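Me: I would like to learn how to read the features of a model such as this one. Please take them one at a time.

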Amino acid sequence: MIKQTTAIETFPCVDEDYIRGLNEHAQAAKPISAQRKRELIAHIKKLLKQQDAVLVAHYYTHYDLQELAEATGGYVSDSLDMAKFGSEHPASTLIVAGVRFMGETAKILNPEKRILMPTLQAECSLDLSCPADTFVPFCDEHPDRTVVVYANTSADVKARADWVVTSSIGTKIVKHLHERGEKILWAPDKYLGNYIQKVTGADMLIWQGFCIVHDEFKSHELEKLRQKHPQAAVLVHPESPDEVIAQADVVGSTTALINAVGNSPANEFIIATDNGIFYKMRQVAPNKKLIEAPTGGIGASCSSCAHCGWMAMNGLENIATTLEQGCNEININEQLRVKAYQSVKRMIDFSKTL
Ligand code: SF4
C-alpha cells in the first residue's frame, strides 16, 4: 500500500490495519496466582545466579518484571539505557524483557554476551512499519539526505542509517545536523518526526510509521479531561499525535516524563504514554495522582488502550522458561552488527559532548 504524505513524495509504507491486526494477536502473559508468582520469583532469582545472567526490563513491561529486575541487581529503563547498562554489567547473559528490537540493540552493543528474550514474538509497530526491504531503496533514492532513524527499528534499518537516535536526544542531533546544513531523512515515527521538525526547523523527509499505543490518544477527549482536572500537568510522549502534543506541558522521552513527575510542583498529572511507566512514576512520587490520557471517546478504536500488547507478552513464566532452556537467543550477522553499531555509536559519542 502506498501512502501519499506530501505533494511531492510518496512513501512505500506497510498497511496500518495490517500492523494493528498483528498487535491484536499478541498474547499477553497469562495472569498467575500469588503463590505461583512467589514460586517463579524465587526460581528466577536462582536461575539468574546459576546462569550468570541479569534482567533488564523496559518501563512498559508489567510491574512484576520491573520489580524483579530491580530486586535482582538488574535495571529498568528505555531501550538504549537497557543496552548500555548491559555493557557495563559483568554478567555474561542479558535477559531483555521488552520487544525484539530492544534485544537486537543489546546485541549490537554487546556482541560478546548472550542475549535472551522471554519471547521473540514481541514486535513493535514502529519497527514493523519500516521494513528494511522498502526503507533501504527509499534511502538510496535520496542520497543527498542524512538518514536518521529512531531506536525502534530493526538491525537492518539501523545498519543503513547514518545516525540512530532516541526520543531523549533526537531533537539535539537533528538540530546539530541542521546547523551543519544537512537535510534529513527521518524514520520511522511520523509524529516524533513532525515534532522534531517543528522544534528544529530542519529540512526533514519524514517516513510515515506510527506507534499503535501512542497513536490512540485522543486530543478531543484530552481537552475534556483537562477541563475536569485543571490543575493537572499534561505529560506527553512525542510518539503521540500532533494535536495531543500541542496540549502538553511537558513533551519528552520516557525518562524525561518520569523526571517531570518527580520534579514538577504539580500534584496531578495526565500522562500520554504506555501505563507501564506508572510503576516508575509512583516510585519517584508516591503521593502524586497519575491519570491515563484518554484513548476512548470520539474516533476511538482503542485496541491497545495505553498499553502495548507486545510488551505485555513478557511475563514471569516465559522468563523462567528462557533461563531454563537458554532459548530465544538474539543473534545478528557480524557484518550487519558492525554497521548498525557505527550509527548507534555516533549517537553515544555525540551524547558525551553535551
Ligand atoms: S509502545 Fe509503541 S513504540 Fe513501544 S514497543 Fe509498543 S508499539 Fe513499539
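**Helix packing**

Reply: Helix 4 and helix 5 are oblique to each other, because angles under 35 degrees count as roughly parallel, over 145 as roughly antiparallel, 65 to 115 as roughly perpendicular and the rest as oblique. Helices here are DSSP runs (H or I, at least four residues), as strands are (E, at least two), numbered from the N terminus. This is a predicted model, where local features need pLDDT of at least 70 and side-chain atom pairs count only at pLDDT 80 or more, while totals for chains, interfaces and linings use all residues. Residues are numbered from 1 along each chain as its sequence is written.

Me: At what angle do helix 4 and helix 5 pack, and how far apart are their axes?
Reply: Axes are lines fitted to C-alpha atoms, for helices over the stretch in contact, and angles run from 0 to 180 degrees between N-to-C directions. Helix 4 (residues 79-88) packs against helix 5 (residues 100-109) at about 40°, and the axes are 9 Å apart.

Me: Which residues of helix 4 and helix 5 make the contact?
Reply: Two residues are in contact if their C-beta atoms, placed from the backbone, lie within 7 Å. Helix 4 contributes Ser-79, Leu-80, Met-82, Ala-83, Lys-84, Gly-86 and Ser-87, and helix 5 contributes Met-102, Thr-105, Ala-106 and Leu-109. By class these are 6 nonpolar, 4 polar and 1 charged; Ala, Val, Leu, Ile, Met, Phe, Trp, Tyr, Cys and Pro count as nonpolar, Asp, Glu, Lys and Arg as charged, and the others, Gly among them, as polar.

Me: How many residues surround the ligand, and which are the closest?
Reply: A residue is near a molecule if its C-beta atom, placed from the backbone, lies within 6 Å of it. The ligand is surrounded by 13 residues, with Cys-124, Ser-125, Cys-211, Val-213 and Cys-308 the closest. The shell holds 10 nonpolar, 2 polar and 1 charged residues.

Me: Why does the ligand lie between domain 1 and domain 2?
Reply: Domain bounds come from an automatic or database domain assignment. Domain 1 (2-11 + 130-213 + 337-352) and domain 2 (24-125 + 310-331) both give residues to the shell, so the ligand lies between them. The C-alpha centres of these two domains are 28 Å apart.

Me: Which peptide bond is cis?
Reply: The bond from Ala-187 to Pro-188 is cis, with omega near -10°. Pro-188 sits in the loop between strand 9 (183-187) and helix 10 (190-200).
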